[in-house]
Amino acid sequence: MALRFTKSAGSERERAASRAVVEALNLAEHVSFEDLLAAVSTAHGKPIELHDIDHGIIPAVTGLWIEKDKKSIILLPAGDNRLHRTHAACHEFGHILLQHQGCGGVETATPSVFAHVGSRRGIKTMLARSLDWNETERAAEHVAYLLSLSLLGDRGSSSDFERTFI
């Protein structure tokens, strides 16, 4: 017996918002990661820096966006492979482009590290790639998939199987 999953109306709205923010970047059919970073930084209105972080410091986090007044920083585990790091960065770009406002993922994963940092260091927003797949995470993940297609130079898919994921 085959199971069939349907998309909810909320899911369709999330996907439409994700497509809109990616389309607004006006990316070429194929872009380099550096071009993508520049486009997202421009849309964000401030520079975005990528920094390596020891996986042991934030073990449950695969990507962390920290927004400050004059720049944003994305922390990525140094030991992860390039493909995984690129996808995690694209996921954080999704949060940035969709203007998400933060989550409890970081505080839950490592409360002692972030308990008193916040406003003393000028941090406005801190958002981690969470294992809790709520609307926010699903929307950021959809943006990550769309941005990945630009990196691969593939704007559309002829495969029904591939279209399942975008």
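This is a predicted model: local features need pLDDT of at least 70, side-chain atom pairs count only at pLDDT 80 or more; totals for chains, interfaces and linings use all residues.
1. Start with the aromatic rings. Searching the whole structure turns up one aromatic pair. It is made by Phe33 and Phe93, whose ring centres sit 5.9 Å apart with planes at 25°, so the pair counts as stacked; the cut-off for that is under 30 degrees.

2. Phe33 belongs to helix α2 (residues 33–44) and Phe93 to helix α3 (residues 82–97), so the pair ties together parts 60 residues apart in sequence. Phe93 has a relative accessible area of 0%, so this residue is buried.

3. Phe93 also turns up in the largest nonpolar core, which has 27 residues. Along with Leu36, Val40 and Leu147, Phe93 is listed among those with the most contacts inside that core. Two or more residues each come from α1 (9–23), α2, β3 (72–77), α3 and α6 (135–152). Helix α6 gives the largest share, seven residues.

4. Leu36 is worth a click. Leaving aside residues up to four places away in sequence, Leu36 touches Leu27, Val31, Cys90, Phe93, Leu147 and Leu151. Another core lies apart from the largest one; it has seven residues, including Ile53, Val61, Ile66 and Ile73.

5. Finally, check the backbone at two spots. Asn26, in the loop between α1 and α2, has a positive phi of about 50° though it is not a glycine. Its relative accessibility is 68%, so Asn26 counts as exposed.

6. Gln99, in the loop between α3 and α4 (105–109), is another non-glycine residue with a positive phi, near 55°. Gln99 is exposed too, at 61% relative accessibility.

Terms used. Residues are numbered from 1 along each chain as its sequence is written. Side-chain values use heavy atoms; hydrogens and water are left out. Rings of Phe, Tyr and Trp (its six-membered ring) pair if their centres lie within 6.5 Å; planes under 30 degrees apart count as stacked, over 60 as edge-to-face and the rest as tilted. Helices (H or I, at least four residues) and strands (E, at least two) are DSSP runs, numbered from the N terminus. Buried means under 20% relative accessible area, exposed over 50%, partly exposed in between (1.4 Å probe, protein chains only). A nonpolar core is a set of buried Ala, Val, Leu, Ile, Met, Phe, Trp, Tyr and Cys residues joined through side-chain atoms within 4.5 Å. Contact means heavy atoms within 4.5 Å.
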